[in-house]
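Please examine the sequence and the three-dimensional model shown below. The report that follows describes helices, strands, charged pairs and nonpolar cores in turn.

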Amino acid sequence: MLKKLDIYIIKKFLGTFFYSILLLAVIIIVFDISEKIDDFLEKEAPIKAIVFDYYLNFLPYFVNMFSALFTFIAVVFFTSRLAANTEIIAILNSGVSFWRMLWPYLISAVILTFLSFGLMNYVIPHTNRSMREFEIRYIKNPFKVKDTNIHMQMDKETYIFVESYNNISNIGYRFTMEKIDSTGLRYRFTSDMITWDSINNRWRASNYAIRYLGNMQEKLLRGRTLDTTFAAPGKEPLFTPSDFIIDIEDAKVMTYRKLTEYINKEKLRGNATVTKFEVEKYKRIAFPFANIVLTFIGVALSSRKVRGGIGLNMGLGIAISFTFILLLQVTSVFAVFGNLKPAIALWIPNVIFSIVALILLIKAPK
């Protein structure tokens with residue numbers, strides 16, 4: 001059962017966290033409005049859309065982005081105040097052990113961990129979708145790309161190749177689709193150009209050639225244009241323009257389950273950029289856990305009464321927080337551009353700082 005001391009610490013912890021992060025969120029929003037006000041006026045963005053579609057959806061993203069940092073700051077701030085007011089000495093002298101005093105800190109950290117996990121995997125993907133639609137309409141220009149030499153495996157037997165693709169016009173050049181089974185190549189479709197028909201949800205192939213192979217026979221068909229879905233009659237198109245455009249921003253609008261399904265599908269297709277999505281996936285698990293690790297480091301650093309007050313503890317706490325965030329970014333880069341597996345890379349900062357937290361807790365005055 002929670003005692004009065006536990007409830008007191010939990011209220012102090014969570015109260016300081018939410019007050020500080022919401023206060024900073026208001027400041028950030030004010031600066032953001034001043035920066036984007038020209039875009040809002042130029043494109044005549046409605047006030048209702050600015051408030052509810054953009055900034056209201058911005059809050060969950062902001063709270064989660066700085067959750068680890070402000071968890072650490074909140075712990076250091078109010079624990080240093082407890083130490084400065086000699087409250088921690090009174091708690092320990094009353095018979096409460098140092099390790100028992102950590103219990104309400106752990107409860108608060110677990111609450112923030114689950115909050116961060118829920119935001120990252122289920123809430124923010126939906127709010128990011130509304131923010132993204134708003135940004136495309138009123139702030140940013142449409143995402144443009146002209147990718148080259150695209151190879152994809154659509155299923156166990158179907159492979160496609162596009163020499164170049166433009167997402168603005170939705171046109172692919174030098175297109176090839178092949179079906180290969182255990183006996184070898186049995187179907188090949190080539191076209192100089194394929195164009196997406198968004199009205200009828202199908203592709204239009206120009207200057208195409210279809211080659212059927214099998215049973216020691218070969219059949220060749222040629223034509224100027226052909227409207228097709230590249231799938232069986234009545235089925236959805238085998239692929240759409242979205243399959244050619246790999247944008248890491250798409251991961252931010254996917255829930256954890258959708259992101260996992262997407263990664264499995266892109267691995268089957270042989271997508272070389274799928275590692276970026278794997279980094280995003282494992283970050284959604286590793287990043288929330290940082291709240292617990294940084295909480296214990298914060299308690300260990302700030303539970304001692306020092307002459308300089310809370311200033312020294314706050315400075316040291318902020319430095320450690322930024323070191324953690326920097327290490328997380330570094331390991332993410334190694335996962336994307338090196339040979340380090342994302343599942344390992346994203347947990348390295350947590351493992352290192354967990355060891356630091358354990359050492360600091362052992363050495364903390366009791």
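At which residue does H7 bend, and by about how many degrees? The bend of H7 is about 35 degrees and lies at Lys-283; a bend at a residue is the angle between axes fitted to the seven residues ending there and the seven starting there. Helices (H or I, at least four residues) and strands (E, at least two) are DSSP runs, numbered from the N terminus.

This is a predicted model, in which local features need pLDDT of at least 70 and side-chain atom pairs count only at pLDDT 80 or more, while totals for chains, interfaces and linings use all residues. Residues are numbered from 1 along each chain as its sequence is written, and side-chain values use heavy atoms, with hydrogens and water left out.

Helix H7 contains 29 residues, and the distance from its first C-alpha to its last is 42 Å, close to the 42 Å expected at 1.5 Å a residue. The expected span of a helix is 1.5 Å times one less than its number of residues. Because 25 of its 29 residues are buried, H7 is largely enclosed by the rest of the structure. Here, buried means under 20% relative accessible area, exposed over 50%, and partly exposed in between (1.4 Å probe, protein chains only).

Helix H2 covers residues 47-65; its 19 residues should span 27 Å at 1.5 Å a residue, and the 25 Å between its end C-alpha atoms agrees with this. H2 bends by about 30 degrees at Leu-59, and a proline, Pro-60, follows within four residues. Among the buried residues of H2 are Ile-50, Tyr-54, Tyr-55, Phe-58 and Pro-60. The buried residues of H2 pack against helices H1 (4-42), H3 (67-84), H5 (98-138) and H7 (274-302), where contact means heavy atoms within 4.5 Å.

## Strand hairpins

Two strands pair if DSSP finds at least two bridges between them. Strand S5 (residues 202-214) pairs with strand S6 (residues 217-228) in the antiparallel sense over 11 bridges. Within this pair, Tyr-212 stands opposite Lys-219 in S6. S5 and S6 form a hairpin with 2 residues between them, and Asn-215 in the turn has a positive phi of about 55 degrees.

Strand S2 (residues 158-166) runs antiparallel to S3, and 8 bridges join them. Ser-164 has Tyr-173 in S3 as its bridge partner. The hairpin of S2 and S3 has 4 residues between the strands, and its turn residue Asn-170 has a positive phi of about 55 degrees.

## Salt bridges

How many salt bridges does a search of the whole structure find? The search finds 10 salt bridges. A salt bridge is a side-chain nitrogen of Lys or Arg within 4 Å of a carboxyl oxygen of Asp or Glu. The table lists examples.

| Salt bridge | Closest N to O distance |
|---|---|
| Glu-178 and Arg-188 | 2.1 Å |
| Arg-257 and Glu-261 | 3.0 Å |

Arg-188 counts as partly exposed because its relative accessibility is 28%. Arg-211 is also partly exposed, with a relative accessible area of 28%. Arg-257 and Glu-261 are 4 residues apart in helix H6 (residues 256-269), and therefore about one helical turn separates them. Glu-261 is partly exposed, its relative accessible area being 40%.

Is Glu-266 buried or exposed? Glu-266 is buried, because its relative accessible area is 1%. The C-alpha atoms of Glu-266 and Gln-153 are 8.5 Å apart in space, although the two residues are 113 residues apart in sequence.

## Nonpolar cores

A nonpolar core is a set of buried Ala, Val, Leu, Ile, Met, Phe, Trp, Tyr and Cys residues joined through side-chain atoms within 4.5 Å. The largest core has 66 residues, and those touching the most other members are Phe-13, Phe-40, Phe-72, Phe-98, Tyr-105, Phe-134 and Ile-297. The elements that give two or more residues to this core include H1, H2, H3, H5 and H7. Leaving aside residues up to four places away in sequence, Phe-40 touches Ala-45, Ile-50, Tyr-55, Phe-134 and Ile-139. A second, separate core of 19 residues includes Met-152, Phe-189, Tyr-208 and Phe-239.
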